[in-house]
Amino acid sequence: VIERAPGAEPTFLFVGALDSHKQPGLAVAALAEFRRVHGAGKLTFIGPSGPESRARLKQLAGAAGVTDQVGFLGRVSDDQLDAEFAAAAALLCTSRIEGFGLPGVEALLRGVPVIAVDTPAARETVGSAATLVESSAEAIAAAMAAPIPVSDVTRQMLTERFSLRATADSLWAVYERSLG
């Protein structure tokens, strides 16, 4: 497990495509608000993104005064993703519409706190294991100040719920109901 060096700025992650419904600009605004109050913090975007999306977010970061604190890694290897999660203070899930919300589950399974906009998908997937907040930079920044640690009990519960066996059993049950 990689841990932040003492005194290092907290780094927050945004994992996923930079699609507008995922509200990556809200994550940038939350970082700016967090830095305004706490004077430190970085945000790293991981996942596929086109040059237009990155340029738009860099422009937002510039307008918010956090250009140098926002980074873009694009697609990364599994090992690098593990390292980024291990060094993160929390994962920011700012999506307003989500089918499932896999990054939040992946973060919690790795023991990384999750701060998510309160949506039906977030309630269903990460629920009480995450900090669910309203869709505002201020609410997200307030949660970033004190990410709730992920307990071993929570990790075990999520591991059981999202294991390959549990997923296969759920899929089989759907087939049985559908096919009669």
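Reader: Why are α1 and α6 called oblique to each other?

Author: Helix α1 (residues 24-38) and helix α6 (residues 137-144) pack at an angle of about 60°, with their axes 8 Å apart. Angles under 35 degrees count as roughly parallel, over 145 as roughly antiparallel, 65 to 115 as roughly perpendicular and the rest as oblique; α1 and α6 are therefore oblique. The model is a predicted one, in which local features need pLDDT of at least 70 and side-chain atom pairs pLDDT 80 or more, while totals for chains, interfaces and linings use all residues. Residues are numbered from 1 along each chain as its sequence is written, and side-chain values use heavy atoms, without hydrogens and water.

Reader: What makes the contact of α1 with α6, and how is it divided by class?

Author: Contact means heavy atoms within 4.5 Å. On α1 the residues are L26, A29, A30, L31, E33 and F34, and on α6 they are A137, E138, I140, A141 and M144. Nine are nonpolar, none polar and two charged (Ala, Val, Leu, Ile, Met, Phe, Trp, Tyr, Cys and Pro count as nonpolar, Asp, Glu, Lys and Arg as charged, and the others, Gly among them, as polar).

Reader: What makes α1 roughly parallel to α2?

Author: α1 and helix α2 (residues 51-64) pack at an angle of about 20°, with their axes 10 Å apart. That angle makes α1 roughly parallel to α2. P24, G25, V28 and A32 of α1 meet R56, L57, L60, A61 and A64 of α2. This contact divides into seven nonpolar residues, one polar and one charged.

Reader: How much space lies in the second largest pocket, and which residues lie nearest its centre?

Author: The space in the second largest pocket is about 240 Å³. Of its 22 lining residues, C93, T94, S95, E98 and G101 lie nearest the centre. At least two lining residues come from each of β1 (11-15), β4 (90-93), α4 (102-109), β5 (114-117) and α5 (120-125). By class, the lining has 13 nonpolar, seven polar and two charged residues. A pocket is an open set of points on a 1 Å grid where a 1.4 Å probe fits, with protein on both sides within 12 Å along at least five of seven lines, and lining residues have an atom within 4 Å of a point.

Technical notes:
Axes are lines fitted to C-alpha atoms, for helices over the stretch in contact, and angles run from 0 to 180 degrees between N-to-C directions. Helices (H or I, at least four residues) and strands (E, at least two) are DSSP runs, numbered from the N terminus. Grid points are joined across faces, edges and corners, and a volume is the space filled by probe spheres set on the points.
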